[in-house]
Amino acid sequence: MIKEVEAENLDDAPDVDFPHQDAAPGHVHPHPSPDTDNNPALGKIRRVTVEEVEDEDGMSFPNNGQYFEPQPDAGWALHEGETSFERYRTYQEEEGEDPWSPFEDVEEWDLAQWLIKNLGQTRTNEFLKLPITQNRSKLSFHNNRSFLQHVDKLPHGPGWTCKKVTVHGNCKDENSEMMQEDVELWIRDPVECVKELIGNPSFKEDMAYSPAKAYADRAGQDRIIDEMWTADWWGEKQKALPEGATIALIILSSDKMSLSQFRGDKSAWPVYMSIGNIAKAKRRQASARATVLIGYLPAGKLDYYCMAILLQPLIGAGTDGVEMVCADSWVCRVYPILAEYMANFPEQCLVSCCKENRCPKCLVAANKHGDGLNSTMRDPESTKEILHRRKIGQHPPEFEANGLHAVYKPFWADLPHADIFLAFTPDLLHQLHKGVFKDHLVKWCIDIIGEDEMDARFKAIPNYPGLRHFKKGISSVKQWTGCEHKEMQRVFVGLLSGAVPSRVLVVARSILDFSYYAQLQIQMTESLEALQTALTVFHVNKDIFKELAVREHFNIPKLHQLTHYVSSITLFGAADGFNTELPERLHIDFAKDSYRASNKRDYEEQMALWLQCQEAMFLRSAYLDWLSQQPRSKSAAGLTEYSDTDSESETPNLPAAEPLQATHVLAKAPMHPHQSVQTIMTAYSATEFLSALQSFLLKNLPRNTIVPGLQDRFDLYRQVVIVMPPDLRVSDVPQRRRIRASPEMLPSGWKPGIPARFDMALIADSPCSSHLHTLEAVNFNDSLVAGVRVAQVRVIFTPPCQFSAYSRALAYVEWFTPFKPPEPSSRMRQVSRSTRQLRRNAAVIHVDKIVWPCHLIPKMGQTVDVRLRSGNAYEVANDFYFNEFIDGEIRM
């Protein structure tokens, strides 16, 4: 992100003296009681390594926040205990078992993992009965049955139980009696699942036990909200519990889905659970198993009675608390309380007992969804009272006024300390990307400019690494996913400019601003204000669509849901922590794959058993990983070099004291060695190459007497990769971006041709780093950019040895003009081709002066120039918009 920042003087701000700790407060167990002072063992707390990262805005983020206001009356440790891994290690040592028992050795264990992951029961049986397998492998299992018997000996998570439930309908049969059906309800104890999650040593470094407020400044004026422990809900709920209580923040999600493909009507209604104590980055990893399946509801309408049975154990546990061993081996009294419920809009209405033309969170009128007003929030107690009065035959006017359904016993009615209406979280996928953006804004704009013009504009968007190019436009796309919606958002404002009235552009910009701010992984006071401002701008200007006869009203439920985003983020943390994209991804692992492994008859039981086998293998894998990291013991013998991870980290482990640095990475060997100047001037269109190189040498090598000429040859590289430290607001991993400078490759035989790629980049006035590293020696380096300018990178090269063995790689670039003031409607900055004496203004620069790749969108006017194509847009057009939406890191 490149922006102008004015330093704020906080010398006069009140000093509230928030502690600057070496560990985030939420990740440690405070002293449990005054007796702790007399018991040194109980005084121990776990420390988490925290690294200060200075943001480009001048803020320091240790563990996503520098200054903390902890809540010391939460998360007390009662005494030390043993996690399930520690208990199992003790058991193996006492029994004299190998770590991978009941399998013979590590190789047999690896084979077992491969079989359970990749082959079904029939294929496994066929593989194990092959003569080569039986004669050479000498396995301890010889068929699928004996293999599964081995798997059944492994410890697994909470077991599955089946309950027979009679579901009563609202229609009568031929005997004038209410219809009913007996169904199976497959469930797991959610309290036992909480124990499994909060006590899993694999999550030790990602677990929080108490809330705290985080600030970016010592005065406590700039709030930071990212994880649930930094938001308001946990701290407020802690006040209603006994001193020292530990809350397990229950996150539920449910979504009906189809199991059969192309034919049949098989469906499932899985219910997933996680806890907000686990860091959201870990919860988003499907492979981490931080979200577990706790039940399959009967695949009809969501049955409140079945959900009540499933969640029944949470009532007593949430009221009285349950002692649990946490991931750091301390025992706490844990209160599992429903905090969030992730579901799409129809299911939110179903759970909240309201009609689908009403808001499941507040009491906004059915015809006022488009007004952008903040209405009174629904109240669980008053809702239960209204439903009870309706049940006993009364007709309270609030029943119709609140848009309620006649559900007399909601499953959430008895859950302690829970507010189901607050629990509904923003749904970025269905509400924002697919709903407001794709289904509404895009459709409205197509109605204004026409489908053909919209397609032509998408076709003309220049290429950018990682950007999807809709080469046939968007009207031909039949299957839309969240990825396509996000790809459209990256270019939408720029391609609309000039084609729609200015107020339409203002509306489009406000929706895109709202979308980008809502997706931030770290929210601050300023970003939340910007989020609300973007929504306000939309409502102020939205009537332009009425004036253009595109819309008659804005009474759209999904549009109204945007009014709750700021409050939900303030209560529960950044919205990326509760996105419905994760449950949809989990459908593959917990429903679709398990259904395919069944014989498609009475499949629920088979799915539960299959998942239990998968979970047993996963837990053993996690146990072996944990064991390999423990001090050497009898059980750990032979595990020193064994690690059961699937992949290695893509970035090197750097010493904690070494600062992160921006790095420019070139291939070890040039893609096109010993290329002539004539080739560079023609294939790369670098017409001013010689003169630009002469000017560069004159400035940087004044003692050089050799003048470059047509006889010289240069080593050319296809691209440079820039590795930057993560911007924690949009990503928690280092960012790798490519800048390509590759000529057109003509078709050869069966190989298709490749178009030329000469990417745009931001060029700094001063170098970003002093060294250039190959792929074998990646390093990270911070830099302050004094100023940037757009240029097109044509050639990446190293000069021949006769030029004093110059060690730094160079780039030939063609300049664009300095940034012009933003356009009032789109607020996008503009640049144009820079010329000198009617020729393109070019220069040779050091590669390490390239700050970051960027993307330009040509100014297309009211209609697209018929010559304009994605491959030639940078050559045909002269004026461009700087696309600040292309990456989350580039917002000016």
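User: What should I know about the numbering and the cut-offs here?
Analyst: Residues are numbered from 1 along each chain as its sequence is written. The model is predicted, so to speak of its limits: local features need pLDDT of at least 70, side-chain atom pairs count only at pLDDT 80 or more, and totals for chains, interfaces and linings use all residues, while side-chain values use heavy atoms, with hydrogens and water left out.

User: How many helices and strands?
Analyst: The protein has 28 helices and 30 strands. These are DSSP runs numbered from the N terminus, helices being H or I of at least four residues and strands E of at least two.

User: What share is buried?
Analyst: 54% of the 892 residues, where buried means under 20% relative accessible area with a 1.4 Å probe, protein chains only.

User: Which strands make up the open three-stranded sheet?
Analyst: The order is β24-β30-β29, with antiparallel pairing; strands pair if DSSP finds at least two bridges between them. β24 (830-832) and β29 (856-858) are the edge strands, each pairing on one side only.

User: How many bridges between β29 and β30?
Analyst: Three, with β30 covering residues 879-882. Ile857 stands opposite Tyr881 in β30.

User: Switching to α20. What is its span?
Analyst: Helix α20 (residues 525-541) reaches 25 Å from its first C-alpha to its last, close to the 24 Å expected for 17 residues; the expected span is 1.5 Å times one less than the number of residues.

User: Which of its residues are buried?
Analyst: Among them are Leu528, Leu531, Leu535 and Phe538 in α20.

Notes:
Buried means under 20% relative accessible area, exposed over 50%, partly exposed in between (1.4 Å probe, protein chains only).
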